[in-house]
Amino acid sequence: MLKMGMSFQVMYKFNAMKFKVLFIVFLITACHGKQKEKKNIADVITDNENIVSEIKDFELEIYDFNGFEKFLNKKDDKVYVINFWATWCKPCIKELPYFEALNAKYSNQNVEVILVSLDFPHLYETKLKPFIVKNKIASRVIVLDDVDMDNWIPKVSKTWSGSIPATIIYINDSRKFYERSFNFKELESEVKQFLN
Amino acid sequence: MKNSIKLITAILLVVLISAFTINKTTTSDGYAIGDMATDFKLLNVDGNMVSMSDFEDAKGFIITFTCNTCPYAVAYEDRVIALNDKYAPLGYPVIAIMPNNTDVKPGDNMQSMQARAQEKEFAFPYLLDEGQKIYPQYGATKTPHMFVLEKTGDGNVVRYIGAIDNNYKKASAVTEKYVEDAVDALLAGHDVEKTETKAIGCSIKV
């Protein structure tokens, strides 16, 4: 249980500073590991109840394309990294930690990551919300729910065939669209091109 | 000295020009409307090899790149079955091709494809793109991805590329049936009006 929690943390906060903090946390928890194992069942149940209520209370930001379009056209000298993903999309889940790491590392340099979920509406409660809460996603998550895809996909990018993951990086009027997966290095080097 | 500068400029020019041409060819992967689609010989869930040339009486084909594991593909399964029920008797059978790498997606391997085909009683071929050689030629990028082909004396011409319709959530809420409209037009001897549409789908696993 403890180990699983750690590996998720490591996955999602993989950058130098946080890693150091985590290492210290790891040392401390390792020292207190035995004590923790003795944690009584009542505490475990309370933890689970806390997560359940946290999921229940979590409010999604849901837009149709008209409502969403403003996120693609901000002109505030900030670099926006807009990633289209869904919980059912394996390569999206695989690259999500890199977007989280990017957000953590560059948020103080005028970079904002926005994760745009394309999950099915009937799975918001059972899949999407639990995913966001359990993985402690720190980047802003918004949900795009608009079935008229042939209308809105070309407005995101004329070159987009519609497969995900897909990402836009832009600052003011300068933008690039990527219909592909990233690792952290690739993502970081793309963002750096917008940071001059 | 002058000569060497000229030489360097010439080399630079060649490099520049070739860089642009390479770019051009890589961005135009896959078929455009009007292109001739390649035939294939792929393993079906019933153990036989299937090609378009096997369908002597066909007037064309509704090719769908699809799979077991993509929620969008699953959402459209019943509509693909309905397309075959409606258009196979009119000369436009459905041929489904599973393009994913089955090492990456074991849920899409031949055994799982057979199970799915049996469960849903597919009346059309469900083929495995063994070695992933066919989908890149078509330019399929996701599941489901539809290609309507018209059989002509010269071969099978691509007439429509894209989605099945404009509402993945609810078949009853659909207002535009892209594939049906395309096939209806071809059957009536007309041009297809909407030749390309876009839809979200699962990227093909390589």
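The model is predicted, so local features need pLDDT of at least 70 and side-chain atom pairs count only at pLDDT 80 or more, while totals for chains, interfaces and linings use all residues. Residues are numbered from 1 along each chain as its sequence is written, and chains are lettered from A and ligands numbered from 1 in the order in which they are written.

I begin with the interface. The contact (C-beta atoms, placed from the backbone, within 7 Å) draws 16 residues from chain A and 15 residues from chain B. On the side of chain A that touches chain B, helix 7 (149-156) and strand 5 (163-164) each supply at least two residues; helix 7 gives the most, with four residues. Helices here are DSSP runs of H or I with at least four residues, and strands are runs of E with at least two, numbered from the N terminus.

Strand 5 of chain A also pairs with strand 10 (residues 201-203) of chain B, in the parallel sense, over two bridges; pairing requires at least two DSSP bridges. Within strand 10 of chain B, G201(B) is the bridge partner of S163(A).

Turning to chain B, its secondary structure comes to five helices and 10 strands. Of the contacts in chain B with a separation of 6 or more, 72% are between residues 24 or more positions apart.

Finally, in chain A, helix 3 (residues 41-57) contacts helix 6 (residues 124-134) through I51(A), E54(A) and I55(A) on the helix 3 side and K129(A), P130(A), V133(A) and K134(A) on the helix 6 side.

Definitions and conventions. Contact = placed C-beta atoms within 7 Å. Axes fitted to C-alpha atoms, helices over the stretch in contact; angles between N-to-C directions.
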